[in-house]
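Please look at the sequence and the model before reading on.

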Amino acid sequence: MNILITGATGFVGQALCPALKAQGHSLYVLSRTPASVVERIGVEVEAHSDAMAFRDTPLDAIINLAGASIAGGPWTASRKQTLVDSRVSVTESLEALCKARDTLPQVLISGSAMGYYGNQGDTVVTEQTPPHQEFAHELCARWEAAAQRIEALGVRTAIIRIGLVLDRDGGSLKPMLPVYRCGLGATLGSGTQYMPWIHRTDLVRIIMHLLNDGALSGPVNSSAPHPVTNREFTKTLARVLHRPAPWRIPAFVLKTAMGEMSRLLLTGARMTPARLEHTGFAFEYPTLEKALQAIVNRA
Ligand SMILES: NC(=O)c1ccc[n+]([C@@H]2O[C@H](COP(=O)([O-])OP(=O)(O)OC[C@H]3O[C@@H](n4cnc5c(N)ncnc54)[C@H](OP(=O)(O)O)[C@@H]3O)[C@@H](O)[C@H]2O)c1
């Protein structure tokens, strides 16, 4: 396939691009810094900063992952605007590209997150669960709505609501590992908030599954079948690293230090991959213990 990718240089893209390349696909990348893309992802691609540069490129699929990091700074009004605009404007540029072309790609796989559902307590969350209204939901809903405008042109569109992506060399786990290795791992707040998670390898496999399964479209929860609470996550990571994690950071400390962004740590959704399981997708890392063992013990 000829595949156009946005966000290819990010944590997910850096694993996705080599995996797609290994399957023989040709990759095209939309990036703010096209000159450094090949060096950052380590495989040959054609990269441009303007979506219209791909107007005459034969494209079978688009994978849309670009967006400013939600953990990249306090959620001030202007930061919230950047979080929304960075996702919606890239997606709108893909819509404009599709409209300008003679032929449409067959499939769009577009990003979203567990934040779509907002805080859900311990309710089991499937793709059918109504969202809780809050900023994380609004951000994801506006990103998804922009992708749905491409779907309306006639492109099969799957929206991946991604859980916390785990691997060693990036994402949330990278800064946690040295802290836990020093025995400073801590439960956050009550520790009862759910953290849906996914090993990065399984997320790459889900994206490939969605590229190839022509029957799948709409929202697809992209997280492992066994979400854990923050307390279980803390215990499991400490156990895998053979370190204690006896500490607890009270919610008020995180709220004072991080403001509204502390909701990323103190609230969550018990998201399950109901639609993927229904299609028989087999997770390589269904449990957190197995995922963390593989990540920590990788040579
Ligand atoms: N990692 C997770 O745990 C997780 C969980 C849920 C959802 N997600 C979502 O999945 C997507 C991929 O995740 P990731 O961890 O790979 O993200 P990432 O490492 O933060 O990378 C995202 C990419 O987006 C582009 N980008 C960054 N800021 C931008 C801006 N202001 N405007 C336009 N583009 C910008 C960058 O590409 P260029 O520099 O090449 O332009 C960057 O490499 C993200 O949108 C993220 O929100 C991730």
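Which residues in α6 are buried? The answer follows under the second heading.

## Basis of the model

The structure is a predicted model, in which local features need pLDDT of at least 70, side-chain atom pairs count only at pLDDT 80 or more, and totals for chains, interfaces and linings use all residues. Residues are numbered from 1 along each chain as its sequence is written, and side-chain values use heavy atoms, with hydrogens and water left out.

## Helix α6

In α6, the buried residues are Arg200, Asp202, Leu203, Val204, Ile206, Ile207, Met208, His209, Leu210 and Leu211. Buried means under 20% relative accessible area, exposed over 50%, and partly exposed in between (1.4 Å probe, protein chains only). Because 10 of its 13 residues are buried, α6 is largely enclosed by the rest of the structure.

The helix covers residues 200–212 and spans 19 Å from its first C-alpha to its last, close to the 18 Å expected at 1.5 Å a residue. The expected span is 1.5 Å times one less than the number of residues. Helices (H or I, at least four residues) and strands (E, at least two) are DSSP runs, numbered from the N terminus.

## Ligand surroundings

Of the 21 residues around the ligand, Thr9, Val12, Ser31, Leu65 and Arg87 come nearest; a residue counts as near if one of its heavy atoms lies within 4 Å. The shell has 10 nonpolar, eight polar and three charged residues. Elements that each supply at least two shell residues are α1 (11–22), α3 (77–100), β5 (107–113) and β8 (164–166).

Of the 880 Å² of accessible area that the ligand has on its own, the protein covers 82% (Shrake-Rupley method, 1.4 Å probe).

Val125 lies in strand β6 (residues 124–125) and counts as buried because its relative accessibility is 0%. Its C-alpha atom is separated by 8.7 Å from that of Pro273, 148 residues apart along the chain.

Thr157 belongs to strand β7 (residues 156–162). Thr157 is at 0% relative accessibility and so counts as buried. The Thr157 side chain reaches the backbone oxygen of Val155 at 2.9 Å.

## Annotated segment

The unreviewed UniProt entry carries the annotation "domain: DUF1731" over residues 249–295; such annotations may be inferred rather than shown by experiment. Over residues 249–295 the chain is 53% helix and 6% strand, with the end C-alpha atoms 25 Å apart.

Terms used:
Nonpolar A, V, L, I, M, F, W, Y, C, P; charged D, E, K, R; others polar. Polar contact = N/O pair within 3.5 Å; in protein donor to acceptor, adjacent residues only side chain to side chain.
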